[in-house]
Amino acid sequence: MGLGPDHKVLVVLDHGSRFAKNAGSPLNITLKESNTSRTVGKCDKSLWTWCVEATLELHRVVFDLFSGDHDAGCVRLMRLVLADCVGRVLQPRWGTELVTQQEILNSLSGIGLPSTSDDSDGVTLSGITLAIEALSQLSDAQIKGDGFSAPKKQEGKTTEERSNFSRVPKCWETPSTSSIASESDRKVVENTGSVISPTLSSCVFSRPAGDQLISVIHSVSINIYDLVSTTISGIPMKVGF
């Protein structure tokens, strides 16, 4: 079985000021007593915390379903890109195996909450640009399959991906009646599927921070890895698993 489009997945985490805000969906802290339980408090979560949890859930799905595949030609890889005033790829290379959950936690532990002072749309754009460049980097399995990747070929591929990025459908809709629209006036434009190039497509989902965000992560993983969903809980599973 050869390498498929799900061989490499990049997760871009927006570390801008908007994600430092309270998500408005506190976690209930319950105390179990005998056969009953009662709520004894609540813990607030930021939008950033929910995004990190959603990323860890995506990683859990991939690890649980594909960690047993020892064929290098079938390995699924994942890297994280942080979009903030600096911008960085948290894993320096694709490697030969899926990054572990502990490695993800270690890379995120020293970052902390987003700063409240960097309020710029360019922050997200810089992260997506980094992601395109990182996605264009060949994994060890791809290098082995191609035999050799010349720098010019790699550079040309990156340029092509950047060109394709200019055709990505817009994700925001701003009312035309206001020249300076506030963040609350901007509406996410959902898109279940747009073909950008023969090898690139785009989907846009919008969910509030909370359980619905985790649920849509399951839907995304089903689309990426060609999985099926259990009828009751919606947990992604392999076909014929």
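This report covers a sheet, its packing helix, ring contacts and selected residues.

## Basis of the model

The model is predicted: local features need pLDDT of at least 70 and side-chain atom pairs count only at pLDDT 80 or more, while totals for chains, interfaces and linings use all residues. Residues are numbered from 1 along each chain as its sequence is written, and side-chain values use heavy atoms, with hydrogens and water left out.

## The three-stranded sheet

Three strands form an open sheet in the order β1-β4-β5, with mixed pairing. Strands β1 (8-14) and β5 are the edges; each has a single partner strand, so one side of each lacks a neighbour in the sheet. β1 pairs with β4 (residues 77-83) in the parallel sense, over seven bridges. V9 has M78 in β4 as its bridge partner. Helix α1 (residues 47-66) packs on this sheet and touches β1 and β4; its direction makes about 170 degrees with that of β1.

Some terms need cut-offs. Strands (E, at least two residues) and helices (H or I, at least four) are DSSP runs, numbered from the N terminus. Two strands pair if DSSP finds at least two bridges between them. Axes are lines fitted to C-alpha atoms, for helices over the stretch in contact, and angles run from 0 to 180 degrees between N-to-C directions. Contact means heavy atoms within 4.5 Å.

Q91 sits in the loop between β5 (88-89) and α2 (101-109). Q91 is buried, at 9% relative accessible area. (Buried is under 20%, exposed over 50%, partly exposed in between, with a 1.4 Å probe and protein chains only.)

The side chain of Q91 reaches the backbone nitrogen of L80 at 2.6 Å. Such a polar contact is a pair of N or O atoms within 3.5 Å; within protein, one must be able to donate a hydrogen and the other to accept it, and residues adjacent in sequence count only if both atoms are side-chain atoms. Not counting residues up to four places away in sequence, Q91 touches M78, R79, L80, V99 and S107.

## Helix α1 meets helix α6

The whole structure holds one aromatic pair. F66 and Y225 form this tilted pair, at 5.5 Å centre to centre and 40 degrees between the planes. F66 lies in helix α1 and Y225 in helix α6 (residues 211-225), so the pair ties together parts 159 residues apart in sequence. F66 is buried at 9% relative accessibility, and Y225 is buried at 4%. (Rings of Phe, Tyr and Trp, the last by its six-membered ring, pair if their centres lie within 6.5 Å; planes under 30 degrees apart are stacked, over 60 edge-to-face, the rest tilted.)

I214 is also found in helix α6. I214 is buried, at 17% relative accessible area. Its contacts, leaving aside neighbours within four places in sequence, are W50, E53, A54 and E57. The C-alpha atoms of I214 and E57 are 7.2 Å apart, across 157 residues of chain.

## Charges over rings

K45 lies over the face of W50, 4.1 Å from the ring centre. R79 lies over the face of W94, at 5.0 Å. The test requires NZ of Lys or CZ of Arg within 6 Å of the ring centre and within 35 degrees of the ring normal.

## Positive phi in two loops

S34 has phi near 55 degrees, a positive value in a residue other than glycine. S34 lies in the loop between β2 (27-33) and β3 (36-43) and is exposed at 68% relative accessibility.

D226 also has a positive phi, near 55 degrees. D226 lies in the loop between α6 and β10 (228-229) and is exposed at 59%.
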